[in-house]
Amino acid sequence: MFSIIIPTINEEENISKTLSILYEIFKNIFFEIIIVDDKSSDNTVLEANKFKNKSGLNIKILINKRQKGLGNALLKGYNLIKYKFVMFLDADLSIKKTDILRLYKSRKDNSIVVGSRYLKESNIIGASKIKIIISKFLNKFISIIFKIPIIDISHSFRIISKNINLKSINPTHPGFFWETTFNAIIHGFKVEEIPITFIDRRF
């Protein structure tokens, strides 16, 4: 049993596909999904509700009255989850089914496990080389400065042991992930990463 938090903003074209993928991967595992919508201006919430009603999945949908940022959405969902582990997953179809399942299987007590775009075995499809170089450099710089033992500290795709008390005053990406990861380490929790294939969003 575990929880998945999906933060959304204007993901009308992606949310049903994302939920279908999760249904397919975890159909034999009891799980809950918490969607936290950051005041979408399209039909994201409508599409999510349609899928919820059709599939019967355990989906909670929270809607912010005003946009509060990615970190706020993730913390809002994190404080409501019921189970021992929680996965953060964007609704942009950037993660393969095999990697979603592999991250789930990599969950560990007292740990954050990050799906890394920058390990030797990782792969990135569709993103510009300039974007990749800047992101790699920034991640490496932050990891060195704060002595964090992973190289993709800013990636949102991760699974977290619920006994880690996530705290952040920064609702933005990537600041939220830098802060919560660093806080977990200084409180004695482990941070690890596994290689994944990352596909840049189409919609």
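This is a predicted model: local features need pLDDT of at least 70, side-chain atom pairs count only at pLDDT 80 or more; totals for chains, interfaces and linings use all residues.

Modeller: Residues are numbered from 1 along each chain as its sequence is written, and side-chain values use heavy atoms, with hydrogens and water left out.

Rings of Phe, Tyr and Trp (for Trp, its six-membered ring) form a pair if their centres lie within 6.5 Å; planes under 30 degrees apart count as stacked, over 60 as edge-to-face, and the rest as tilted. By this rule there are 10 aromatic pairs. In one of them, F2 and Y104 have ring centres 4.5 Å apart and planes at 40°, so the pair is tilted. F2 belongs to strand 1 (residues 2-8) and Y104 to helix 4 (residues 97-105), so that this pair links distant parts of the chain, 102 residues apart. Helices (H or I, at least four residues) and strands (E, at least two) are DSSP runs, numbered from the N terminus. Y104 is buried as well, because its relative accessibility is 9%. Ring pairs join F2 and Y104 with F26 and F31 in a cluster.

S3 is also in strand 1, and with a relative accessible area of 0% S3 is buried. Its side chain makes a polar contact of 2.6 Å with the side chain of E32. A polar contact is a pair of N or O atoms within 3.5 Å; within protein, one must be able to donate a hydrogen and the other to accept it, and residues adjacent in sequence count only if both atoms are side-chain atoms. Leaving out residues up to four places away in sequence, S3 touches E32, I81, K82, Y83, F85, V86 and M87, where contact means heavy atoms within 4.5 Å.

S161 lies in strand 7 (residues 158-161) and is buried, its relative accessible area being 2%. A polar atom of the S161 side chain lies 3.1 Å from the backbone nitrogen of N110. Apart from neighbours within four places in sequence, the contacts of S161 are Y78, K84, F85, K108, D109, N110 and S111.

Conventions
Buried means under 20% relative accessible area, exposed over 50%, partly exposed in between (1.4 Å probe, protein chains only).
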